[in-house]
Amino acid sequence: NTANNNAMGSAATTAASALTPTIVVMKLAKRNGGLPCLCIDANALPSARGGAAVDVHHAIPIRVMRAVEMQYHLPPRINMPQVQLELPFDRPLRTVVDRLRTMSPHIYIEGSMDGELTLRIDGDGASIRTFYGKLIPRFEDLEEDNDDDDDDDDDEEQDDDDGSEDEHEHSTKRRRTTKTKKTKTCTLKVDSRKLGACLQWQGTMLLGRSVGSAVLCMVKNEMLCLHCMLNPGTVGFFTYYVPVHYLSPDQMDF
C-alpha cells in the first residue's frame, strides 16, 4: 500500500519539527474509529540551551491506494539524460528561480558535462543569465555517445583499405578524433512556476544535511528530472519530473 504525495510532504515537515531526534518511527495505522493515518513518533532531546526532552506524536490522515492503482502513479518512462549535474551545497537554485519567475513565465536551462549550468530568461529588450560553475557531472546512467563508435568504424575501414599506412599517420588520426569530440550539452525550456515548485524543499531542508545530494538530469525535448537522496541514504529519496517545451535546433543555440 502507498500513501499519496501530500502525506509524504507533511511527514517530512513533521519529522523536521522534532529537533535533534534520537528515534523517529513512521508507521501506517488506523486512528479515530478506523481512519487510515501515517503516524510519526519522535523523541526529541533537549537543546544545548537547556529544557526537557519532548515526545512528538503526529497522525496524518491519508488515502490508501489499491494495488491495481499503482500503474497510474508510477514514474514516467523517459530516455537516458544527456546531462547530469549535482547541485552545489552552498548555492541554492531556489533563490534565483524565485526571482526569475516574477519576470518571465519560462526559464531556459543549459547544462554541460563540463560542470556548468546556466539559467536564462528573455524579456522585452533584455536577457538575464545566471551562471553556476564547478558543478560535479554524474556519468552513471548517461546517454551513450554513438559518435565514438562511428569514429572507430571509420578508422578500421581506413586501415583495411590502405594497409600501407604507417603507425604515425594512424596515431595522428586518433588524436584528431579525440580533439574534435564535443562535450555533451543540453538546453531545456521549462515553466518557471513548475521549476520553482520543485525547488521549494531548499527552503526547509538543507542540502548536505537533510538532503544528502541532489542531481539535475536533463533529457532533450522531453523532461527535466531532479533526483534528491535523503540523508542518511537508507531513509529514501524523492524525484521531481518537470515536462519541458519543445525547442528546435536553432532555439537551442544561444
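Tyr-246 sits in the loop that links strand S12 (237-243) to helix H6 (249-252). The model looked at here is a predicted one. Tyr-246 has a relative accessibility of 61%, and the cut-off for exposed is over 50%, so this residue counts as exposed. Another residue to look at here is Glu-222, which is 24 residues from Tyr-246 along the chain. The C-alpha atoms of Tyr-246 and Glu-222 are 7.7 Å apart.

Now for the sheet. Strands of a sheet pair through backbone hydrogen bonds, and they can do this in a parallel or an antiparallel way. Here, four strands line up as S7-S6-S5-S9 in an open sheet, with antiparallel pairing. The edges are taken by strand S7 (126-132) and strand S9 (185-191). Each of these two has just a single partner strand, which means that one side of each is left without a neighbour in the sheet. On average, and ignoring direction, neighbouring strands of the sheet are turned by 20 degrees against each other.

Within the sheet, strand S5 (residues 106-112) and strand S6 (residues 116-123) run antiparallel and are joined by five bridges. Take Tyr-108: its bridge partner in S6 is Arg-120.

Key. Residues numbered from 1 in each chain as written. Predicted model: local features only at pLDDT ≥ 70, side-chain atom pairs only at ≥ 80, totals over all residues. Heavy atoms only, no water. Pairing = 2+ DSSP bridges. Axes fitted to C-alpha atoms, helices over the stretch in contact; angles between N-to-C directions. Buried < 20%, exposed > 50% of the residue type's maximum accessible area, 1.4 Å probe, protein only.
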